[in-house]
Amino acid sequence: MGFKITKKFEFSASHQLADLPAEHQCARMHGHNYVVELELGAEDADLLPVGFIRDYGELSTFKDWIDKNLDHRHLNDVMDVNPTAENMAAWVYRTWLLEYPELTCVRVSETPKTWAEYRA
Ligand SMILES: Nc1nc2c(c(=O)[nH]1)N=C([C@H](O)[C@H](O)COP(=O)(O)OP(=O)(O)OP(=O)(O)O)CN2
Ligand SMILES: [Zn+2]
């Protein structure tokens with residue numbers, strides 16, 4: 001794959017992880033300032049004539065979706081799987097692949113020190 005672009009999006013949300021020992025800190029409800037990064041890729045021949053994989057501006061539909069569905073929500077109420085960073089990356093990838101067929105990777109950060117990613 002020749003080209004890649006990425007764009008970051010931010011939101012705040014709470015979650016509580018299931019399937020952990022009761023004493024684990026993440027078994028209690030708590031919140032994060034999440035960062036989600038979308039990565040889109042294209043071969044040289046598939047670049048648009050202007051030189052874009054896709055206009056960054058077109059990713060505003062993803063930003064609108066985050067604002068409406070994830071920002072200041074309790075993620076356990078929104079996602080149908082345990083809301084770990086790994087599961088969120090895969091869930092976002094599967095949810096948005098039809099809208100952005102060039103999507104190659106979704107990364108999710110819960111803290112400045114951690115990243116999880118799901119890659120096609
Ligand atoms: N592989 C994963 N591990 C953890 C996840 C996850 O989604 N995937 N999630 C959590 C918690 O929800 C939260 O992210 C806490 O993470 P952690 O880095 O352990 O928290 P701290 O900031 O308190 O860690 P420090 O060591 O103090 O920096 C846990 N694990
Ligand atoms: Zn957490």
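Reader: Which residue in strand 4 is the bridge partner of Glu39?

Author: Ground rules: this is a predicted model, so local features need pLDDT of at least 70, side-chain atom pairs count only at pLDDT 80 or more, and totals for chains, interfaces and linings use all residues. Residues are numbered from 1 along each chain as its sequence is written, while chains are lettered from A and ligands numbered from 1 in the order in which they are written. Helices (H or I, at least four residues) and strands (E, at least two) are DSSP runs, numbered from the N terminus. For Glu39, the partner in strand 4 is Cys105.

Reader: Over how many bridges do strand 1 and strand 2 pair?

Author: Strands count as paired if DSSP finds at least two bridges between them. Strand 2 pairs with strand 4 in the antiparallel sense over 6 bridges. Its pairing with strand 1 is antiparallel too, with Ser12 bridging to Asn33 in strand 2. The bridges between strand 1 and strand 2 number 13.

Reader: Which residues does the UniProt annotation "binding site" cover?

Author: The entry is unreviewed, and such annotations, given here in the numbering used for the model with feature names shortened, may be inferred rather than shown by experiment. The annotated residues spread over 18 residues of sequence, yet they cluster in space, with a largest C-alpha distance of 8.3 Å. According to the record, they are His15, His30 and His32.

Reader: Is His15 buried or exposed?

Author: A residue is buried if 20 or more other C-beta atoms (placed from the backbone) lie within 10 Å of its own, exposed if 12 or fewer, and partly exposed in between. His30, in strand 2, counts as exposed because it has 12 such neighbours. His15 sits in strand 1 (residues 3-15). With 24 C-beta neighbours inside 10 Å, His15 comes out as buried.

Reader: Which residues does His15 touch, not counting those up to four places away in sequence?

Author: A contact means that two C-beta atoms, placed from the backbone, lie within 7 Å. By that test, His15 touches His74, Leu75, Asn76 and Pro83.

Reader: What arc do the buried residues of helix 3 cover around the axis?

Author: Helix 3 (residues 85-96) buries Ala85, Met88, Ala89, Val92 and Tyr93. These sit on the same side of helix 3, because the arc, taken from the directions from the helix axis to the C-beta atoms, is only 130°.
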